[in-house]
Amino acid sequence: MHEPLKLLTDQLDTPIGEMILVADHDGNLRAIDWTDHTERLHNLLRRHYGRNGFTLEPANNPSGLTNAIKRYFAGDLTAISTLPVQTAGTPFQREVWRALREIPHGTTTTYGQLAAQIGRPNAVRAVGLANGSNPIGVVVPCHRVIGSNGSLTGYGGGLERKRWLLNHEDTNHQNKEQTASLPLKLT
């Protein structure tokens, strides 16, 4: 019998609700969800690792992950760009989740564009399902995927959170670009 995967959990307050993150002892982010969806998070972990395949223990800022996510919510969008993630899921799901991380801050894409990006232009529905099964929301930015008509479509945390995340990234991305284009003042 295999030893259960020992996972660490931490919680943090964000402008859009309390978040729970799950990490392993190697510093990889394994899952993120909102505390108002804790049961969904536990179901996801059971689906990925088996009913008795993991244990959860509270931790303070495991491997600096909590602080990085706090910096993201404070406006440092790049704070989460290179966080290490490790997921279960099918090879197709993991391919979609990797592609999600390539969507730049402050931009969106459609399910069709994402399907084309991974070389499967006819797999739009499968891409949508994989997007909806993403266990590491925000860091693996499934919120950046919108409908082909530009509408906000489903988000596990709710459309209001999705709208907030997109506005947060757009505003902070624009502010960074504007600051970078200001002339240097030499004294």
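T9 sits in strand β1, which covers residues 5-14, and once its neighbours within four places in sequence are set aside, T9 is in contact with I20, L21, V22, L56, E57, P58 and A59.

Where pLDDT is low, the predicted coordinates should not be read in detail.

As for annotation, UniProt lists residues 12-86, in an unreviewed entry, as "domain: Methylguanine DNA methyltransferase ribonuclease-like".

Now to helix α5, residues 124-132, where V127, A130 and N131 are buried. Why do we say that these buried residues line one face of the helix? Seen down the axis of α5, they fall within an arc of 100 degrees, so they line one face. As background, an α-helix has 3.6 residues a turn, so residues three or four places apart point the same way. On the other side of α5 we find R125, L129 and G132, which are exposed, while the cover over the buried residues includes α3 (91-100), α4 (111-117) and β6.

Strand β6, at 145-146, also brings us to G156, which lies in the loop between that strand and α6 (159-181). G156 is partly exposed, with a relative accessible area of 43%, and, not counting residues up to four places away in sequence, G156 touches H37 and R40. From G156 to V96 there are 60 residues in sequence, and the two lie 16 Å apart in space, C-alpha to C-alpha.

Finally, the aromatic rings: the structure holds two aromatic pairs. In one of them, the rings of Y72 and F73 have their centres 5.1 Å apart and their planes at 80 degrees, so this pair is edge-to-face. Are these two residues buried or exposed? Y72 counts as buried, at 0% relative accessibility, and F73 counts as buried too, at 10%. Ring pairs link Y72 and F73 with W164 into a cluster.

Terms used:
Residues are numbered from 1 along each chain as its sequence is written. This is a predicted model: local features need pLDDT of at least 70, side-chain atom pairs count only at pLDDT 80 or more; totals for chains, interfaces and linings use all residues. Side-chain values use heavy atoms; hydrogens and water are left out. UniProt positions are given in the numbering used here, feature names are shortened, and annotations may be inferred rather than shown by experiment. Helices (H or I, at least four residues) and strands (E, at least two) are DSSP runs, numbered from the N terminus. Contact means heavy atoms within 4.5 Å. Buried means under 20% relative accessible area, exposed over 50%, partly exposed in between (1.4 Å probe, protein chains only). The arc is that of the directions from the helix axis to the C-beta atoms. Rings of Phe, Tyr and Trp (its six-membered ring) pair if their centres lie within 6.5 Å; planes under 30 degrees apart count as stacked, over 60 as edge-to-face and the rest as tilted.
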